[in-house]
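Work through the exercises below with the sequence and the structure at hand. Each task is followed by a solution in steps.

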Amino acid sequence: MTTAQKIESRLKKLGDEATAAQSMRFFKTGPGQYGEGDLLIGIRAPVLRSLSKELIDTPLEDAVELLQSPIHEVRMLALFILVLQAKRGHARSATALQAGDASLPLYRAYLANTARINNWDLVDVSAAQIVGAHLFKKDRKPLTRLAKSNSLWERRIAIISTFHFIRQNEFDDTLAIADLLLNDPEDLMHKAVGWMLREVGKRDLAAEENFLIPRYKRMPRTMLRYAIERFPEPLRRAYLNGKK
């Protein structure tokens, strides 16, 4: 039995049927839904986060093997482990390694397995920490490629990865990717783009408004609502009523 198989076997013992049933509804795993066919066994994220700290030294090849599991929570654990390894690598790079070197294998493994990072929560807990952090001091063209992908999850990775830049008060890439995704057909992308625009606005309202004013009337309504959620009420109403 491989290390990954031992970890998965351990996780199966932690599952809860009632939680699993609720989670499968929440993550839209039914026929025709975005998570169709995904299997959940009912383990809450805090349990997985705690376990990932114990398993932080899991070899990369074993974490990648965990990502191949049909079980959602096993893939989530793999991503939590990779995120912790990425953070540790960046911390070490500041003093002992050439900046970015420590994150390259994790970044490559992540992008080679985007088909397994196939629900919004899996993307949201990992893209900024692994992809965004790796690209922060590098050419960010890979995000444009991801944003133009036919894969919903790769497009979501593209915009959520920019959260790392936003936290460093760099907004240009977020706004450029948001523009590319303005007419995305998926509601999950409307929410993701709106969320990142909101995060820009929390730090620089003028930057967000400069993006919104020429675009908000043709934005999907959900995207707009997410983007202006934190605006002062009179300003929020002006956008919703098309009077900006």
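## Exercise 1: Lys141

Task: Decide whether Lys141 is buried or exposed, and state where Lys141 is found.

Solution. Step 1: the relative accessibility of Lys141 is 61%. Step 2: the cut-off for exposed is over 50%, so Lys141 counts as exposed. This structure is a predicted model, and the value is computed from it. Step 3: Lys141 belongs to helix H9, which covers residues 141-147. Step 4: Asp173 is 32 residues away from Lys141 in sequence, and the C-alpha atoms of the two are 9.7 Å apart in space.

## Exercise 2: The buried side of H4

Task: Which residues of helix H4 (residues 60-67) are buried, and why do they lie on the same side of H4?

Solution. Step 1: the buried residues in H4 are Asp62, Ala63, Leu66 and Leu67. Step 2: around the axis they cover an arc of only 155 degrees, so they are on the same side of H4.

## Exercise 3: The whole chain

Task: What radius of gyration does the chain have, and what would a compact globule with 244 residues have? Then describe the fold and the surface in numbers.

Solution. Step 1: a compact globule with 244 residues would have a radius of gyration near 18 Å; the chain has 19 Å, which agrees. Step 2: along the principal axes, the C-alpha atoms fill a box of roughly 65 × 45 × 30 Å. Step 3: the chain contains 16 helices and zero strands. Step 4: 54% of the 244 residues are buried. Step 5: of the contacts with a separation of 6 or more, 68% join residues 24 or more positions apart. Step 6: the accessible surface is about 11900 Å², and carbon and sulfur atoms hold 50% of it. Step 7: the chain has 38 positive and 29 negative charges, whose mean positions are 4 Å apart.

Notes: Residues numbered from 1 in each chain as written. Predicted model: local features only at pLDDT ≥ 70, side-chain atom pairs only at ≥ 80, totals over all residues. Heavy atoms only, no water. Helix = DSSP H or I, 4+ residues; strand = E, 2+ residues; numbered from the N terminus. Rg over C-alpha atoms; globule rule 2.2 N^0.38 Å. Buried < 20%, exposed > 50% of the residue type's maximum accessible area, 1.4 Å probe, protein only. Contact = heavy atoms within 4.5 Å. Areas by Shrake-Rupley, 256 points an atom, 1.4 Å probe, with all protein chains shown as cover. Lys, Arg positive; Asp, Glu negative; His and termini not counted. Charge placed at Lys NZ, Arg CZ, Asp CG, Glu CD. Arc of directions from axis to C-beta.
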